[in-house]
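Have a look at the model first, then work along.

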Amino acid sequence: MGENVNIGDLILRGGVIGNVDADTPFEVYEQIKTKIKLPKSVTPAQLLEGLSAREKVLSTAVGRGIALPHCRDILLTGSDEQQITVVYLKEPIDMNAPDGRKVDTMFVLLTSNSQSHLQVLSRLAGLIKDDSFVELLRSRASAEELADAANKI
């Protein structure tokens with residue numbers, strides 16, 4: 001299970017969902033559950049339940065207007081199904097971020113094991129600290145632009 005995860009590849013696999021109009025993270029998850037490209041082994045209902053259950057435990061907001069929603073339990077069966085879907089919100093929502101900023105961008109993580117999950121979180125944390133990457137998010141960059149930047153950083 002020591003595979004090397006590539007954030008750029010995961011973003012390209014998951015894509016971007018833009019202009020999501022919601023007032024709470026749960027409304028966001030309800031709207032995106034059928035828009036995310038899920039493997040056949042995962043239903044939209046499972047995704048919604050997994051994301052919602054995790055959010056009820058503790059906010060996935062990490063600061064800088066960004067949240068990293070993910071499921072409490074692993075839903076995927078193989079590493080080739082792993083993905084990150086970038087979700088741009090129409091209006092920022094309050095998710096009790098550590099820095100007090102409202103969230104306007106979410107990285108919805110779907111990973112196949114805890115090791116990959118921790119690798120993805122660690123790499124995303126590094127990207128979120130990079131001002132040029134955050135600027136790309138503010139400009140609502142495409143999956144290709146984000147993947148390219150992630151691979152260069």
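**Exercise 1.** Find how the side chains of Glu 30 and Lys 33 meet, and classify the exposure of both residues.

*Solution.* Step one: the two side chains form a salt bridge, with N to O at 2.8 Å; the term requires a side-chain nitrogen of Lys or Arg within 4 Å of a carboxyl oxygen of Asp or Glu. Step two: Glu 30 is partly exposed at 41% relative accessibility, whereas Lys 33 is buried at 18% (buried is under 20% relative accessible area, exposed over 50%, partly exposed in between, with a 1.4 Å probe and protein chains only).

A word on the source: this is a predicted model, where local features need pLDDT of at least 70, side-chain atom pairs count only at pLDDT 80 or more, and totals for chains, interfaces and linings use all residues. Residues are numbered from 1 along each chain as its sequence is written, and side-chain values use heavy atoms, leaving out hydrogens and water.

**Exercise 2.** Which parts does the salt bridge between Arg 64 and Asp 131 tie together?

*Solution.* Step one: their side chains meet at 2.5 Å, N to O. Step two: Arg 64 sits in the loop between strand E2 (61-63) and strand E3 (66-67), and Asp 131 in helix H5 (residues 131-138), so the pair links parts 67 residues apart in sequence (helices, H or I, of at least four residues and strands, E, of at least two are DSSP runs, numbered from the N terminus).

**Exercise 3.** How far apart are the closest N and O atoms of Lys 152 and Asp 148?

*Solution.* Step one: the distance in this salt bridge is 3.1 Å. Step two: Lys 152 is exposed at 65% relative accessibility, while Asp 148 is partly exposed at 39%.
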